[in-house]
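Welcome! Please take a moment with the sequence and the 3D view below, and then let us walk through them together.

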Amino acid sequence: APLVTAKRIIYLSTMIILVTVLLTILFMFNHSVSRPLKRIISGIKNVSMGKLLPIKPLRENEIGQLAVFFNKMIKSLKKTTKDLDNLIEQLRESESRYKSLVELSPEGVFVHQNGLIKYINRSGANIFSTTNPLDLMDKPIMDLIHPAFHNSEISNIEKVYKNHTTIPTRELKYVTLKKKAIAVESTATYIDYSGKPAMLTVVRDITKRQLAEKALRESEEKF
């Protein structure tokens, strides 16, 4: 019986030691691996939600090195994000200045896309006999070009879209909203507008100039 009792004591002691060792390992794993990993996972979740937050320093082991790398990445992302924000702000300011220049331009400026007017400044609206640019929005561009120039302008439009080129200044005739034919000088070029191919056209009404030139020629012929 004493021998059996001794064996039981040894067995129980061994089990207690094994359980203690196992619990110690689990505690160490939870403290040195599981918790740090949870912090890193939490940090990654924050990044996915747009929160660039560093995580608390960890022990100097493999997991700790991973945390250091993560914090360096966060720092780099913050700098990149700041640079991008500055660039976007500069682009907005540049776009605002460009739009102001176009709006104040004495020349008519308009953009047509897929054959429809998508933008026109006030000077352009005036050329087409209206004070409100909205009267021309989504108006078919061919409705504003005199029929005598349809073929040549269709060819020019196709050339601009195909070659991303610029059409030199030329004289042609447009038709106003009041169905009046006017003489113009116009040039056009390819642009991206709202992320899609389009044409930017700059136009000047030369009707009065042509009438003055005609009157001068007629006057000279009399003498």
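## The overall layout

Starting at the N terminus, the elements of the chain follow the order α-α-β-β-α-α-β-β-β-α. That comes to five helices and five strands. Please keep in mind that this is a predicted model.

Of the 223 residues in the chain, 27% count as buried. Contacts across the sequence are also worth a look: among those between residues at least 6 apart in sequence, 42% join residues at least 24 apart.

## Strands side by side

Let us turn to the strands β3, β4 and β5. β3 (166–175) and β4 (181–193) pair in the antiparallel sense, over eight bridges. If you look for K173, you will find that its bridge partner in β4 is A183. The hairpin of β3 and β4 has five residues between the strands, and in this hairpin K179 takes a positive phi near 65°.

On to the next pairing: β4 and β5 are also antiparallel, and this pair is joined over 10 bridges. Here Y190 stands opposite M199 in β5. The hairpin of β4 and β5 has two residues between the strands.

## Backbone angles to notice

Most residues other than glycine have a negative phi. S194 lies in the loop between β4 and β5, and it counts as exposed because its relative accessibility is 66%, with the exposed class starting over 50%.

D138 also has a positive phi, near 65°, and D138 too is a residue other than glycine. You can find D138 in the loop between α3 and α4. With 44% relative accessibility, D138 counts as partly exposed.

## Rings that meet

A pair of aromatic rings is described by the distance of the centres and the angle of the planes. How many aromatic pairs are there? The count comes to four. In one of them, the rings of F110 and F128 have centres 6.3 Å apart and planes at 70°, so this pair is edge-to-face, the class for angles over 60 degrees. The pair links distant parts of the chain, 18 residues apart: F110 sits in strand β1, while F128 belongs to the loop between α3 (122–127) and α4. Are these two residues buried or exposed? F110 is buried, at 0% relative accessibility, and F128 is buried as well, with a relative accessible area of 1%.

Another edge-to-face aromatic pair is formed by Y161 and Y190, with 6.4 Å from centre to centre and 85° between the planes. Since Y161 lies in helix α4 and Y190 in strand β4, this pair ties together parts that are 29 residues apart in sequence. Y161 is partly exposed, with a relative accessible area of 25%, whereas Y190 counts as buried at 18% relative accessibility, because buried means under 20%. There is also an aromatic cluster, made up of F110, F128 and Y174.

## A space inside

Rolling a probe the size of a water molecule over the atoms shows where empty space is left. A search of the whole structure finds one cavity of 30 Å³ or more. The volume of the largest cavity is about 70 Å³.

Which residues line the largest cavity? They are F110, H112, I141, I145, E153, I157, R170, Y174, S186, A188, M199 and T201. Seven residues of this lining are nonpolar, three are polar and two are charged. β1 (108–113), α4 (150–163), β3, β4 and β5 (196–205) each supply at least two residues of the lining.

## One more stop on helix α4

Before you leave, have a look at I154, which is found in helix α4. I154 is partly exposed, with a relative accessible area of 37%. How far apart are I154 and M142 in sequence and in space? I154 and M142 are 12 residues apart in sequence and 8.5 Å apart in space, C-alpha to C-alpha.

Key: Residues numbered from 1 in each chain as written. Predicted model: local features only at pLDDT ≥ 70, side-chain atom pairs only at ≥ 80, totals over all residues. Heavy atoms only, no water. 1 Å grid on protein atoms, 1.4 Å probe; cavity = no way out; pocket = protein on both sides within 12 Å on 5 of 7 lines; lining within 4 Å. Points joined across faces, edges and corners; volume = space filled by probe spheres on them. Helix = DSSP H or I, 4+ residues; strand = E, 2+ residues; numbered from the N terminus. Nonpolar A, V, L, I, M, F, W, Y, C, P; charged D, E, K, R; others polar. Pairing = 2+ DSSP bridges. Phe/Tyr/Trp six-rings, centres within 6.5 Å; stacked < 30°, edge-to-face > 60°. Buried < 20%, exposed > 50% of the residue type's maximum accessible area, 1.4 Å probe, protein only. Contact = heavy atoms within 4.5 Å.
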